[in-house]
Amino acid sequence: MNYTQAVGEKSTVKLTITFTEEEWQNAIMQAYTKTRGKYSVPGFRKGKAPKPVIENYYGKSAFYDEAFNVLYREHYFAILEKEKDNFTAVGEPELSVESLEEGKGLVLGASVPVKPDVEIEAYTGLKIKKYDYNVTDADVDAEVKKLLERNATDVEVTGRPCKNGDKVNIDFSGSVDGEKFAGGTAEEYDLVLGSGSFIPGFEEQVVGMEIGGERDITVKFPENYQADNLRGKEAVFAIKLHKITEKQLPELTDEYVKKHAGAESVEAYKNTVRERLLKSAENRSRDETENSIVEEICKHAKAEIPDAMIESEIDRMVQDFSYRLMYQGLKLEDYVKYMGQTMEEFRAQYKPQAQPRVLSQLVIDKIVRTEGFTAEEAEVEAKIAEQAKSVEKTAEEYKKSMDPRQYDYIRNDIVITKLFDFLAANNELYVEGGEETQPAAKTAKKTTKKKA
């Protein structure tokens, strides 16, 4: 066997693989040995007919398909390994028979989608938006309120109109052009005002009503409303309000936070909340800044991305969505059917997102290779020791419980940290609305664990 390679269109490599007649006949014999059991020939027990008899009965090409597979499995991946420094396959090849003549062997063609090179005009010296999120006292109070709401009680109120946040008990009857419609009428319905449960404009117009009050409100159904006969239509709802209740929160005391949050005091609990929110804000600032850096560099980059890479990225996105559905007890197939889509239509909606995601990854890989970022063993060991300490183990104890893939994850984390520290230090990062551009070197932080 020998082969040649040539650059093809849209990030493909065309392999032309030539097999001698002897190699071809050996492959046919292997195919016969493997598949003869499925052939029935009169006068022979199944699987016992000689190769020439089967070929005479079923045709000369009876074993060709399996023989092609034999040669493909035996040689294709070996070629990829040999050429790994020249190109990286990113999908299944498109195979073709270039030549097959008696006594002259076989010539197979393989059009291989390969990882494209990406051209980056610039990845330093750019002006890039930086994100910076802070934590206010109001943010802390909102989190504390959530703790209180876990044990809130509904209390009926009188003597005032209803407001956002109240639960109101109402009758409503809707009509379009004077005609009532299905699903537009209910009695003693509980609605939390401001929840967005009803179509836009409905809850806002109920606000201000008093117990026993009646009111007609006019709303317009959205253009994308699920009921075709109501889309974009104006409707009038007759409303009668029976009851108003509001949430009554328990008192925030040291005893309450000790019982429900395990904190020693209100002050201690607020400090814990603030630390958690600060960490979350720091992570959000870092993640969005890093995404901003990559997005800006991608504006200065281009690559001829093969369809196989786009489809692989769509596969990952669909799989992620499928996992999220599983946590809700749903199957992807049922969800797609419920949405009235085919699987092809469902996948197609991810394509606009898949292409820039693939380009981003190509950009990251290219810069890492260009700058030569690597993870030294000492750095890996230090990271392992850090993780071990966080779970109160020695490094050796922690290593025994590590999955081998964790080593790759740690190395990747170190490399990506170096990458974004470098990009932050060598580009001009600014906070939108700020008075002046902030020096990039002062904004470099430890980064997220993106896959390199």
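**A hairpin and a core**

Reply: Strands S8 and S9 make a hairpin with two residues between them, and Asp177 in that turn has a positive phi of about 55°. The model is predicted, so local features need pLDDT of at least 70 and side-chain atom pairs count only at pLDDT 80 or more, while totals for chains, interfaces and linings use all residues. Residues are numbered from 1 along each chain as its sequence is written, and side-chain values use heavy atoms, with hydrogens and water left out.

S8 covers residues 167–176 and S9 covers 179–192; the two pair in the antiparallel sense over eight bridges. Strands (E, at least two residues) and helices (H or I, at least four) are DSSP runs, numbered from the N terminus, and two strands pair if DSSP finds at least two bridges between them. Lys167 stands opposite Val192 in S9.

Now the core. A nonpolar core is a set of buried Ala, Val, Leu, Ile, Met, Phe, Trp, Tyr and Cys residues joined through side-chain atoms within 4.5 Å; buried means under 20% relative accessible area, exposed over 50%, partly exposed in between (1.4 Å probe, protein chains only). The largest has 48 residues, and Ile120, Ile297, Val363, Ile367, Leu419 and Leu423 touch the most other members. Helices H7, H8, H9, H11, H12 and H14 each supply at least two of its residues. H14 gives the largest share, nine residues.

Beyond its neighbours within four places in sequence, Ile120 is in contact (heavy atoms within 4.5 Å) with Ile297, His300, Ala301, Val363, Lys366 and Ile367.
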